[in-house]
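Welcome! Here is a short tour for anyone meeting this structure for the first time. Please have a look at the sequence and the model before reading on.

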Amino acid sequence: TADGSVIFAKNSDRRANEAQPLHHSPRRRHPPGATLRTQYLEIPQVAETWEVIGSRPHWLWGFEIGVNEWGVAIGNEAVLSREGYADPGLLGMDLVRLGLERGRTAAEAVEQLGALTERWGQGGSCEAPGQPFRTYHNSYVVADPHGAWIVETAGRRWRAEAVVDRGSISNLYTLAET
């Protein structure tokens, strides 16, 4: 904005009657060797996770959108590519929550999204039980009070670009190839 503020907004294109209650997780310390169950995978837990609040489909571990105690906000959108999917893998909504729990700044959250995507891949149904199977790769807007990033993924690959002036994501890839 003209005064240097960062504005973050996101809508959800989930099914109209799919409830998305707010979920709060306090800051926590975790013992060495602890693991975490995401929607489809069990992965190593970090030593400390930040306090978060997010909107999540009622049946899902991860978030469509959320914010953490440091003012980092993340939202995702589905994108389709020719890259394969991990079976099982992390959902984009798992990655939103993980980025918030593990990133003290937008840049740290971007690094978390990228590292987790590379290690675990993306895959699994993104629809509620009883709905047709659907999966996709993800793009994200990651912001904090000092700036924002756009992150796009395909399979285990990812690319991030700092937002200059303004930025947005949709259901198509938007970052230029380098």
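In this predicted model, helix α2 has a set of buried residues: Ala-106, Ala-109, Val-110, Leu-113, Gly-114, Leu-116, Thr-117 and Trp-120. The cover over these buried residues includes helix α1 (92-102) and the strands β4 (42-44), β8 (73-79), β9 (137-144), β10 (147-154) and β11 (157-162). Helix α2 itself runs over residues 106-120 and spans 21 Å from first C-alpha to last, close to the expected 21 Å. Just after the helix comes Gly-121, with a positive phi of about 70°.

Let us turn to β8, one of the strands that cover α2. Seven of its seven residues are buried, so β8 is largely enclosed by the rest of the structure. Ala-73, Gly-75, Glu-77 and Val-79 point one way, while Ile-74, Asn-76 and Ala-78 point the other way. In a regular strand, side chains alternate between the two faces of the sheet.

Strand β8 pairs antiparallel with β7 through three bridges, and Val-67 stands opposite Ala-73. The two strands form a hairpin with four residues between them, and Gly-71 in the turn has a positive phi of about 85°. Seven bridges join β8 to β9, also antiparallel, with Ile-74 partnered by Val-142.

Finally, visit the loop between α2 and β9, where Glu-127 is found. Glu-127 is buried, with a relative accessible area of 7%.

| Side chain | Partner side chain | Polar contact |
|---|---|---|
| Glu-127 | Arg-15 | 3.3 Å |
| Glu-127 | Arg-134 | 2.7 Å |

Beyond its sequence neighbours up to four places away, Glu-127 touches residues including Arg-14, Trp-59 and Pro-132.

Note on methods. Residues numbered from 1 in each chain as written. Predicted model: local features only at pLDDT ≥ 70, side-chain atom pairs only at ≥ 80, totals over all residues. Heavy atoms only, no water. Expected span 1.5 Å × (residues − 1). Buried < 20%, exposed > 50% of the residue type's maximum accessible area, 1.4 Å probe, protein only. Contact = heavy atoms within 4.5 Å. Polar contact = N/O pair within 3.5 Å; in protein donor to acceptor, adjacent residues only side chain to side chain. Pairing = 2+ DSSP bridges.
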